[in-house]
Amino acid sequence: SSGINAEWPLRPGAVLDASNPNTITVWSIADKSITAVLQFVHNPRTFAWHPHLLRLIVASGDSSVSMWEYDGCWIIELPAECSVNVNHTNWSSDGNALLLSAKDNFCIGFLE
């Protein structure tokens, strides 16, 4: 499989497999089970785990991002001032800010 894999920072051994179109599957290797299956309208381009929480930010290259936590998933519409077709995401080391970037521009967001 040629999917995107990332280690889960809070639970060593868990992986994220984005090899299926429009789907991200979160696996727990510890108990060999699927933790969650996330389905999107568009194929996810990028994702990033929060550095301290069980929180995943996912971007599909449009004007919104999705945030997944174990108890739900939310779509966050980006403000007009932040007109970025996101293709890269990254959390700050303290998890209070989120960088959303494209080839030629970027936006920094703060969650309340």
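## Close-up views of a predicted all-strand model

Figure 1. Strands are DSSP runs of E with at least two residues, numbered from the N terminus, and two strands pair if DSSP finds at least two bridges between them. Strand 10 is joined to strand 11 by five bridges, and the two run antiparallel. Leu 99 has Ile 108 of strand 11 as its bridge partner. The model is predicted: local features need pLDDT of at least 70, side-chain atom pairs count only at pLDDT 80 or more, and totals for chains, interfaces and linings use all residues. Residues are numbered from 1 along each chain as its sequence is written, and side-chain values use heavy atoms, with hydrogens and water left out.

**Figure 2. The protein chain has eleven strands and zero helices.** From the N terminus on, the elements run β-β-β-β-β-β-β-β-β-β-β. Of the 112 residues of the chain, 41% count as buried; buried means under 20% relative accessible area, exposed over 50% and partly exposed in between, with a 1.4 Å probe and protein chains only. Contact means heavy atoms within 4.5 Å. Among contacts between residues at least 6 apart in sequence, 27% join residues at least 24 apart.

**Figure 3. Strand 3 (residues 23-28) and strand 4 (residues 33-39) run antiparallel and are joined by six bridges.** Thr 23 stands opposite Gln 39 in strand 4. The hairpin of these strands has four residues between them, and Lys 32 takes a positive phi near 50° there.

**Figure 4. Strand 7 (64-69) is mostly covered, with six of its six residues buried.** In a regular strand, side chains alternate between the two faces of the sheet. Both faces of strand 7 are covered: Ser 64, Ser 66 and Trp 68 are buried on one side, and Val 65, Met 67 and Glu 69 on the other. Strand 7 pairs with strand 6 in the antiparallel sense over five bridges, and Arg 55 has Glu 69 as its bridge partner in strand 7. Four residues lie between strand 6 and strand 7 in their hairpin, where Gly 61 takes a positive phi near 85°. With strand 8, strand 7 pairs over six bridges, also in the antiparallel sense. Met 67 stands opposite Trp 74 in strand 8, and the hairpin of strand 7 and strand 8 has two residues between the strands.

**Figure 5. The largest pocket has a volume of about 200 Å³.** Of its 13 lining residues, the closest to its centre are Phe 40, Val 41, Ser 64, Ser 66 and Ile 75. Two or more lining residues come from each of strand 6 (55-59), strand 7 (64-69) and strand 8 (72-77), and strand 7 gives the most, with three residues. By class, the lining has seven nonpolar, five polar and one charged residues; Ala, Val, Leu, Ile, Met, Phe, Trp, Tyr, Cys and Pro count as nonpolar, Asp, Glu, Lys and Arg as charged, and the others, Gly among them, as polar. A pocket is an open set of points on a 1 Å grid over the protein atoms alone where a 1.4 Å probe fits, with protein on both sides within 12 Å along at least five of seven lines, and lining residues have an atom within 4 Å of a point. Grid points are joined across faces, edges and corners, and a volume is the space filled by probe spheres set on the points.

**Figure 6. The second largest pocket has a volume of about 160 Å³.** Of the 13 residues that line this pocket, Ile 76, Leu 78, Leu 100, Gly 109 and Leu 111 are the closest to its centre. Strand 8, strand 10 (97-101) and strand 11 (106-110) each give two or more residues to the lining, and the largest share, three residues, comes from strand 11. The lining has eleven nonpolar, one polar and one charged residues.

**Figure 7. Ile 76 lies in strand 8, and Ser 64 lies in strand 7.** Ile 76 counts as partly exposed because its relative accessibility is 26%, whereas Ser 64, at 11%, counts as buried. Leaving aside neighbours within four places in sequence, Ile 76 is in contact with Ser 63, Ser 64, Val 65, Met 67 and Leu 111. Ile 76 and Ser 63 are 13 residues apart in sequence and 8.8 Å apart in space, C-alpha to C-alpha.
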